[in-house]
Structure formats: C-alpha cells, structure tokens
Amino acid sequence: MRKIEVIIKPFKLDEVKSALTSIGVQGMTITEVKGFGRQKGHKEIYRGAEYLVDFLPKIKMEMVVPAELTEQIIEKVIAAARTGTIGDGKIFVMPVDTVVRIRTGERDVDAM
C-alpha cells in the first residue's frame, strides 16, 4: 500500500478528482492549504500599498491506495493538473505499513 499526497492549484481539483475516480480510486481527503515553492508568491496592491503574498492557496489531496495503482495515479494526476506554468504542484509517495478501519477493526487491504 502507498500513501499519495498531491499538492495542486485549486482550480484543478475537479479535473484531478474525476481522473482519479475514473481509474477506481475510492476515497481521498482534500485539504485547503497555503504554501510556496519556486513560485515564491506574488505582489498585490491594496488601497495603494504594495505587499507580498508569499503563501499561495493550494489543494492537498491524500489517498491510500494499493501499490499497483501508484504509477497509474501519478500519470492521471500529471495529465489532469499540469498547466505548464510554475506552481503546478508536487506528488509525494510514501509506503504504508498498516491501515485499520476503526469501526470494524479490519486491517490493511480489507480496511481500504
């Protein structure tokens, strides 16, 4: 099993979600986050004063999936989230040792 975390631009959420559900991803957690990387924010003007917005809004998607789906998920996310501009996001993949469904006590693949 793998935990996949994806950071994307907010307006790409529906496209990425549709792409993932089309290949059988059954559950995911979505969080609105703020951050920056190479993009380093941008300047805005408010009431004549210029200020730096260094944390930009992003969406963080988290899912635990069977290991054999990992590459397919990565390809789908890249295809759906890519705009070709800086700040498109990142994908992080981590191994998962155990999953437990709290309600039933089921473990690992049965808990997914």
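1. A definition to start with: two strands pair if DSSP finds at least two bridges between them. With that in hand, here are my notes on this predicted model. Strand β2 (residues 29–35) and β5 are joined by 7 bridges and run antiparallel.

2. Strand β5 itself spans residues 56–65 and is mostly covered, with 7 of its 10 residues buried.

3. Then comes β6, which runs antiparallel to β1 and is joined to it by 7 bridges. Within β6, phenylalanine 92 is the residue opposite glutamate 5.

4. Put together, the 4 strands give an open, antiparallel sheet in the order β2-β5-β1-β6. Its edges are β2 and β6 (89–95), each pairing on one side only. On average, neighbouring strands of the sheet are turned by 20° against each other, with direction ignored. Helix α1 (residues 13–22) packs on this sheet and touches β1, β2 and β5, and its direction makes about 10° with that of β5.

5. Isoleucine 74 deserves a look in your viewer. This residue is found in helix α2 (residues 70–81). Is isoleucine 74 buried or exposed? Its relative accessibility is 18%, so isoleucine 74 counts as buried, the cut-off being under 20%. Beyond its neighbours within four places in sequence, isoleucine 74 is in contact with Ile91 and Val93. The C-alpha atom of isoleucine 74 is separated by 8.8 Å from that of isoleucine 4, although the two residues are 70 apart along the chain.

6. Now for the charges: the count comes to 6 salt bridges. One of them joins lysine 3 and glutamate 62, whose closest N and O atoms are 3.0 Å apart. This pair links distant parts of the chain, as lysine 3 lies in strand β1 and glutamate 62 in strand β5, 59 residues apart. Lysine 3 is partly exposed at 26% relative accessibility, whereas glutamate 62 is buried with a relative accessible area of 18%. Both residues also belong to a network of salt bridges that links Lys3, Glu5, Lys60 and Glu62.

7. Another salt bridge brings together the side chains of aspartate 88 and lysine 9, at 3.7 Å from N to O. Again the link is between distant parts of the chain: aspartate 88 is in the loop between α2 and β6, lysine 9 in the loop between β1 and α1, and 79 residues separate them. Why do aspartate 88 and lysine 9 count as buried? Aspartate 88 has 17% relative accessibility and lysine 9 has 12%, and buried means under 20%.

8. Arginine 101 and glutamate 106 form a salt bridge too, with 2.6 Å between the closest N and O atoms. Arginine 101 is partly exposed, its relative accessible area being 26%. Glutamate 106 is likewise partly exposed, at 30%.

9. With a relative accessible area of 29%, aspartate 108 is partly exposed.

Notes:
Residues are numbered from 1 along each chain as its sequence is written. This is a predicted model: local features need pLDDT of at least 70, side-chain atom pairs count only at pLDDT 80 or more; totals for chains, interfaces and linings use all residues. Side-chain values use heavy atoms; hydrogens and water are left out. Buried means under 20% relative accessible area, exposed over 50%, partly exposed in between (1.4 Å probe, protein chains only). Helices (H or I, at least four residues) and strands (E, at least two) are DSSP runs, numbered from the N terminus. Contact means heavy atoms within 4.5 Å. Axes are lines fitted to C-alpha atoms, for helices over the stretch in contact, and angles run from 0 to 180 degrees between N-to-C directions. A salt bridge is a side-chain nitrogen of Lys or Arg within 4 Å of a carboxyl oxygen of Asp or Glu.
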